[in-house]
Amino acid sequence: EIAKNSKVKEVVGVDIRDDAIDIANNLKKKELSELDANKLTFVVSAIEDLDYKSGYFDTVCAFEIFEHLVPDDFEKAILSMIRMMNKDGNFLIAIPNRYPDEFYINENRTRWNAPDHKNFFSVTSLEFILRKYFKNVRFFSINNQSYEKGVHLIAEATGIKS
C-alpha cells in the first residue's frame, strides 16, 4: 500500500524468512501496477545486518518484529533502524498489546502470547523503550477504540535523540 503513494519513490521490505519474501514478491506482482511494483524491493535479512547508508530512509516501519527478538538482539535491531533513518524521519511500530481489551481475550484474538514471541509490551513499556531513543512518541487507535486496549499497539516516534 505504501508503494501506491505517488510521493513515495522507494520501499524496501525486510524479513528474515525466505518464504515471507516469496509471498511478498508474489503479492507485489498480483496487487500492484508495474510502476508501483518497481518501487518495491524485498530483502531476506536480519534487520541489524542491513547495510543501507546512515540516514537513507525517511520512514522506518517495524511491524510485528520486536516481539520476536531475543533481548540481546533487540537493541541491535532498533539501533540499526535508527541509524538508517534520516534525522527528521519517522519510526512507525506495531506490536501485539500485552493488555488488550477483554473483547479480544473473550474472542481468542489476542496476539501477544504466540509461542514464538519473546518480548511482551504494554503502552507503558513501549513508550519507555521508545523514549530512550526518540523525543516524541504518539500512539494511534484503530476502529475508534482507545489505543491502550487495541489488539496491537501502534505508535510513531520522531526526533532521534543523539
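Select Lys 76 to begin: with a relative accessible area of 48%, Lys 76 is partly exposed, a class between buried (under 20%) and exposed (over 50%), using a 1.4 Å probe and protein chains only. This is a predicted model, in which local features need pLDDT of at least 70 and side-chain atom pairs count only at pLDDT 80 or more, while totals for chains, interfaces and linings use all residues. Residues are numbered from 1 along each chain as its sequence is written, and side-chain values use heavy atoms, with hydrogens and water left out.

**Salt bridges**

The term covers a side-chain nitrogen of Lys or Arg within 4 Å of a carboxyl oxygen of Asp or Glu. Both residues lie in helix 3, three residues apart, about one turn of the helix. Helices are DSSP runs of H or I with at least four residues, strands are E runs of at least two, and numbering starts at the N terminus. Asp 73 is partly exposed at 24%.

Next, select Glu 64 and Arg 111. Their closest N and O atoms are 3.0 Å apart in a salt bridge. This pair links distant parts of the chain, 47 residues apart: Glu 64 sits in the loop between strand 3 and helix 3, Arg 111 in the loop between helix 4 (102-106) and helix 5. The count of salt bridges comes to nine.

**The largest nonpolar core**

Now show Phe 66, Phe 91, Ile 93, Leu 126, Leu 130 and Phe 134. Of the 31 residues in the largest nonpolar core, these touch the most other members. Such a core joins buried Ala, Val, Leu, Ile, Met, Phe, Trp, Tyr and Cys through side-chain atoms within 4.5 Å. Helix 3 gives the most, six residues.

Centre on Ile 93. Beyond four places in sequence, Ile 93 touches residues including Ala 62, Phe 66, Leu 130 and Ile 154, a contact being heavy atoms within 4.5 Å.

**The largest pocket**

Move to Val 11, Val 12, Gly 13, Val 14 and Cys 61. Among the 45 lining residues, these lie nearest the centre of the largest pocket. A pocket is an open set of points on a 1 Å grid over the protein atoms alone, where a 1.4 Å probe fits, with protein on both sides within 12 Å along at least five of seven lines; lining residues have an atom within 4 Å of a point. Colour strand 1 (11-15) and helix 1 (18-31), which are among the elements supplying at least two lining residues each.
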